[in-house]
Amino acid sequence: MDRALNYLALAQKAGEAALGEEPVASAARALHAHLILVASDASDHTWRRARSLTAGTQQQCLRVRFTKAEMGFVVGRTSLAIAAIEDVGLALSLVEALGEPEKYAAAADALRQRKDKQLQRKAEAKAHARNKRFGKRWIAEDKKEK
């Protein structure tokens, strides 16, 4: 089995994947879908719908080399034409596992920027919680001692 498909299965097990057209549309409208995957043998209507869901947003939409049967197999379905990954780290790992860096470079760069921004927000939130608990003066004195 392909490594990228393993990331899709992992996202589904973690509850970070929307599978099927309606759940993907719902996740995309709520701006929770970082990456939308469309199977290679999905209809043109499905591809156009996925593209329209991501239009004007930072969400990425990719048509991958896997068939509906292959994508469905890893998530326990008979077929799966469209899926959305709602975790930016898993989405980035999946894009990197697809190979073909020149083909997916734009999507990988956009996801990498979103991941960096997410990590920065987490660090700022942690620092804010520490400041609320101890105060900035205490933290500044603590740093001087080190």
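Leaving aside neighbours within four places in sequence, valine 24 is in contact with Ala18, Ile36, Leu53, Ile82, Ala83 and Ala84, where contact means heavy atoms within 4.5 Å. This is a predicted model, in which local features need pLDDT of at least 70 and side-chain atom pairs count only at pLDDT 80 or more, while totals for chains, interfaces and linings use all residues. Residues are numbered from 1 along each chain as its sequence is written, and side-chain values use heavy atoms, with hydrogens and water left out.

Valine 24 lies in helix H2. Helices here are DSSP runs of H or I with at least four residues, strands are runs of E with at least two, and both are numbered from the N terminus. At 0% relative accessibility, valine 24 counts as buried; buried means under 20% relative accessible area, exposed means over 50%, and partly exposed is in between, with a 1.4 Å probe and protein chains only.

Now the rest of H2. Its buried residues are Val24, Ala25, Ala27 and Ala28. Seen down the axis of H2, these fall within an arc of 165°, so they line one face of the helix; the arc is that of the directions from the helix axis to the C-beta atoms. What covers the buried residues of H2 includes S1, S2, helix H3 (44-54) and S4. The face turned away from the buried side carries the exposed residues Glu22 and Arg29.

Proline 23 is also in H2. Proline 23 is partly exposed, with a relative accessible area of 37%. Between proline 23 and isoleucine 82 there are 9.6 Å in space, C-alpha to C-alpha, and the two are 59 residues apart in sequence.

What follows H2? Leucine 31 does, with a positive phi near 65°. Leucine 31 lies in the loop between H2 and S2. Most residues other than glycine have a negative phi. There is another such case: glutamate 100, a residue other than glycine, has a positive phi near 45°. Glutamate 100 is found in the loop between helix H5 (88-97) and helix H6 (105-134), and is partly exposed, at a relative accessible area of 32%.

Back to the loop between H2 and S2, which also holds histidine 34. Is histidine 34 buried or exposed? At 12% relative accessibility, histidine 34 counts as buried. A polar atom of the histidine 34 side chain lies 3.5 Å from the backbone oxygen of glutamate 86. A polar contact is a pair of N or O atoms within 3.5 Å; within protein, one must be able to donate a hydrogen and the other to accept it, and residues adjacent in sequence count only if both atoms are side-chain atoms. Not counting residues up to four places away in sequence, histidine 34 touches Gln59, Gln60, Ile85, Glu86, Asp87, Val88, Ala91, Leu111 and Arg114.

One of those, glutamine 60, has its place in strand S3 (residues 60-63). Glutamine 60 counts as buried, at 17% relative accessibility. The side chain of glutamine 60 reaches the backbone oxygen of glutamine 58 at 3.1 Å. With residues up to four places away again left out, glutamine 60 touches residues including His34, Ile36, Thr54, Ala110 and Leu111.

Next, helix H4 (residues 68-75), where Met71, Gly72, Val74 and Val75 are buried. Down the axis of H4, the buried residues fall within an arc of 165°, so they line one face of the helix. Their cover includes H1, strand S1 (17-19), strand S2 (35-38) and strand S4 (82-85). Just after H4, glycine 76 takes a positive phi of about 85°.

Last, the cavity. How many cavities of 30 Å³ or more does the structure hold? It holds one. On a 1 Å grid over the protein atoms alone, a cavity is a set of points where a 1.4 Å probe fits but cannot get out, and lining residues have an atom within 4 Å of a point. Grid points are joined across faces, edges and corners, and a volume is the space filled by probe spheres set on the points. The largest cavity contains about 40 Å³ of space. Its lining is Ala4, Leu5, Leu8, Leu37, Val64, Phe66, Met71, Leu94 and Leu98. Helix H1 (residues 3-14) gives the largest share of that lining, three residues. By class, the lining has nine nonpolar residues, no polar and no charged, with Ala, Val, Leu, Ile, Met, Phe, Trp, Tyr, Cys and Pro counted as nonpolar, Asp, Glu, Lys and Arg as charged, and the others, Gly among them, as polar.

Methods: On a 1 Å grid over the protein atoms alone, a cavity is a set of points where a 1.4 Å probe fits but cannot get out, and a pocket is an open set with protein on both sides within 12 Å along at least five of seven lines; lining residues have an atom within 4 Å of a point.
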